[in-house]
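Me: Please take a close look at the aromatic rings in this structure. I would like the pairings, their surroundings and any charges over ring faces.

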Amino acid sequence: MAREILLNAFNMNCIGHINHGLWTHPRDTSTQYKTLAYWTDLAQLLERGLFDGLFIADIVGTYDVYGQSLDVTLKESIQLPVNDPLLLVSAMAAVTRNLGFGLTANLTYEAPYLFARRLSTLDHLTGGRVGWNIVTGYLDSAARAMGLDQQPEHDRRYDQADEYLQVLYKLLEGSWAADAVVADRERRVYAEPGKVHKVRHQGEFYKVEGYHLCEPSPQRTPVLFQAGSSSRGLAFAGNHAECVFIGGREKAATRAQVDKVRAAAKAAGRDPQAIKVFMGITVIVAPTEQAALAKHAEYLRHASPEAGVAHFAASTGIDFAAYGLDEPIDASPGNAIQSATRQLQDNAWTRRRLLEQHALGGRYATVIGSPEQVADELIAWIDETGLDGFNLTRTVTPESFEDFIDLVIPRLQQRGRYKTAYAQGTLREKLFASDQPQLPADHPGSAYRHTTPAPTGALHHA
C-alpha cells in the first residue's frame, strides 16, 4: 500500500526565512509577522489543508559573515529581526484542534531545568501537539552575544546535547510518576508526595538537583526533531530523534541520506522506521504549467540571490563576498554547518554559481508546475528516496500555502497519498499512526520512567 505523505509548513518568526527577497512582492504579508492575526490565520489555513504541523525555525545570533557586516542581512531582513517562536503557540493552538507545532530552540543557551517547564507547559496547553527541533547552534555571533569567544567545537556541541537530553528525560519522564496526580478533594491531596521524585544529575556540562515543576503532560517528552547530517549529528539522531529534517536537491543523494538516518537508528538499537524523515522543498503551482512558469518568473523578479548567498555564507562560515564572481571558493572544513560546507567541497563552486543556485533567494529543491505535475513529482520523491514527507517552504506568503492547499492536496488525496481527515490523539500518535502518546519503548528516553514506586527524593538513572 502506498504511503501517505506527511507535511509540515516551514516558517520562521521573521520576514525573510528561506527564499529571500520575496517580502518585496506586493502580495506578500510577511512584514505582518509581529501580529497575532498573521499566525492565527496561518494556523487555521494549514489546518484546513490537514497539514501535520507548522515547523518553526529559529536562530540565535546574526548573519554577519557575508562582507563581514550585517548590511545585506538588515536590508533584506535575512532572519533579522527575529522573534521567539515558542510564544506563538498558545494563540495558534487556541484556534486549531489538530495542527502540530515543531519548535526550534537552541539548547546551548537554554538551561534544561527551565526549558523543560516551557515544553511541558506548551504540551499541556496544546493537548499534546508540540515537537522540539533540537539545535546546538553554529553562529559565532550568537556565542559572542552570550558571553563566549566562539561556538564550542562541532562534535563537542553534540556531546553537550547528549547530556542535555539526559537531563530532560530525567525531568520530563522520571520526576513525576504516571499516577502521581490524584486531585482528591476529599483527602486534600492533589499529588502524592511519594510519587514525585527529585532529579539529581551531576555531569560534565550540567548539574541539576530539583523536581520537575510540571505534572506530566500528554506526551511528557515532545516529539523530537533534529537536522544534523554530519557523522556525529547522525549518531545523535539515531539515539534521540523521532523526526529528522534533511536537505536534498537530487533523488539519489537524498536516498543515500535517508538510508544513513535509518542505519543510525538501527545502530542505536531502534527500529529504522522509528524516525520519520522530512526534506525541505519549495513548490510553485498554478492551474496550468504555463501559469506556474509565469508565476515563477514573477517571483524571480522580487527574489534576492545575494541575500540567499549571504544566508549560505553564515551556514558555511565562508565570506563569499570576498571572492570574485568566477574565483574558485576555498571550502575548507570549519566549525559551522558541516553539511553546508560539504556541498561546496564536492564541486567547483564560484560566487556566480552560488548566485545562480539562489535565484529564488534559497537553495532548496523547487518544484514548478500544474497541480498534477507537482503531485507526480512529490510522489516520486517519496517513492524513490524513502522520505516520509516534506517541510514546505514559503515563497510569497500566505499565497504559496493557499495555492498548495487548494491545488495540490486534492490531487494527492485523489491518488490516496494524503489524508482526508486528521487522526485522533497527540502529535506523536498522529505522525506514527499509533495509540501511544509518549516515547516508544525502544527510545532511550523511555528508560527514565518509574516502573515501580520509589521513595521521595529518589530517581532511577539520576
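Reply: What follows covers ring pairs, then a ring cluster, then charges over rings.

This is a predicted model: local features need pLDDT of at least 70, side-chain atom pairs count only at pLDDT 80 or more, and totals for chains, interfaces and linings use all residues. Residues are numbered from 1 along each chain as its sequence is written, and side-chain values use heavy atoms, with hydrogens and water left out.

The structure holds 17 aromatic pairs. Rings of Phe, Tyr and Trp (its six-membered ring) pair if their centres lie within 6.5 Å; planes under 30 degrees apart count as stacked, over 60 as edge-to-face and the rest as tilted.

Take F10 and F245. Their ring centres are 5.0 Å apart and their planes stand at 80°, so this pair is edge-to-face. F10 lies in strand β1 (residues 6-12) and F245 in strand β10 (residues 243-246), so the pair ties together parts 235 residues apart in sequence. Strands are DSSP runs of E, at least two residues, and helices are runs of H or I, at least four, numbered from the N terminus. F10 is buried at 4% relative accessibility. F245 is buried too, at 10%. Buried means under 20% relative accessible area, exposed over 50%, partly exposed in between (1.4 Å probe, protein chains only).

F10 and F245 also belong to a cluster: ring pairs link them with F55, F225, F278 and Y364.

Now the charges. The charged end of R353 sits over the ring of W349, 4.0 Å from its centre. K419 lies over the face of Y418, 4.5 Å from the ring centre. The criterion is NZ of Lys or CZ of Arg within 6 Å of the ring centre and within 35 degrees of the ring normal.
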